Amino acid sequence: MNPKKKDDTFIYLLKRLINKLQKKRKIQFIFLLIIMLLNTFAEVVSIGLVIPFIGFLTQSEKLWNNPYVRQFATTFGYEEPSQLLLLTTILFSLTCIFAAMVRLLSLFLNLRFAAALGSDIGAKVYQNCLYQPYTFYIS
């Protein structure tokens, strides 16, 4: 087996690539990382709310007997557990819609960044080929 040299490691190559990026692309990359973290958080929240939501749908009376839930609900004018059903369904739906929108935004920005980065790299390679001396091509 051939041991890897330092120049062959993924992290080393990634650092070299990031150092070659323009300042604008570095800022876009950091923004993309932030959007990806927001996407991760939104996905975890939306998936994590599925089981409690199903539990509320099936056992709303049991949840209504909790004094904290009842006090919270009566503060906002809800007197029966069936009235809370609409509110929780709307909140769960809005959470899922928000997660889907963040996912679409992340996908859109990721594809756009990849296309721009590929274009930059292609332009740099083409420029390097154009500025080669004539002797490079005839040898």
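Me: Which residues of α6 are buried?
Reply: The buried residues of α6 are P81, L84, F92, A99, V102, S106, L109, F113, A116 and L117. Buried means under 20% relative accessible area, exposed means over 50%, and partly exposed is in between, with a 1.4 Å probe and protein chains only.

Me: What kind of model is this, and how are residues numbered?
Reply: The model is predicted: local features need pLDDT of at least 70, side-chain atom pairs count only at pLDDT 80 or more, and totals for chains, interfaces and linings use all residues. Residues are numbered from 1 along each chain as its sequence is written, and side-chain values use heavy atoms, with hydrogens and water left out.

Me: Back to α6. What do its buried residues pack against?
Reply: They pack against α2 (23-48), α3 (50-58), α4 (60-64) and α5 (67-75). Contact here means heavy atoms within 4.5 Å.

Me: What span should α6 have, and how far apart are its ends?
Reply: Helix α6 covers residues 81-130, which is 50 residues. At 1.5 Å a residue it should span 74 Å, and its end C-alpha atoms are 73 Å apart, which agrees. The expected span is 1.5 Å times one less than the number of residues.

Me: How many helices and strands does the protein have?
Reply: Seven helices and zero strands. The pattern along the sequence is α-α-α-α-α-α-α. Helices (H or I, at least four residues) and strands (E, at least two) are DSSP runs, numbered from the N terminus.

Me: Compact globule or more spread out?
Reply: More spread out, because the radius of gyration is 27 Å, well over the 14 Å that the globule rule gives for 139 residues. The radius is taken over C-alpha atoms, and the rule is 2.2 Å times the number of residues to the power 0.38. Along the principal axes, the C-alpha trace spans about 85 × 35 × 20 Å.

Me: What share of the residues is buried?
Reply: Buried residues make up 17% of the 139.

Me: And what share of contacts joins residues at least 24 apart?
Reply: 66%, among contacts between residues at least 6 apart in sequence.

Me: New topic: R25. Where does it lie, and what does it touch?
Reply: R25 lies in helix α2. R25 is buried, with a relative accessible area of 11%. Not counting residues up to four places away in sequence, R25 touches F113, A116, L117 and D120. F113, A116 and L117 are among the buried residues of α6.

Me: Is S60 buried or exposed?
Reply: S60 counts as buried, at 18% relative accessibility. Its place is in helix α4. Leaving aside neighbours within four places in sequence, S60 is in contact with G55 and P81.

Me: What about L63 and P81, how far apart are they?
Reply: L63 and P81 are 8.2 Å apart in space, C-alpha to C-alpha, and 18 residues apart in sequence. L63 is in helix α4. L63 is partly exposed, with a relative accessible area of 34%. Leaving aside neighbours within four places in sequence, L63 is in contact with F56 and V69.

Me: And how far is I121 from K20?
Reply: In space, I121 and K20 are 9.5 Å apart, C-alpha to C-alpha. In sequence they are 101 residues apart. I121 is in helix α6. I121 is partly exposed, with a relative accessible area of 39%.
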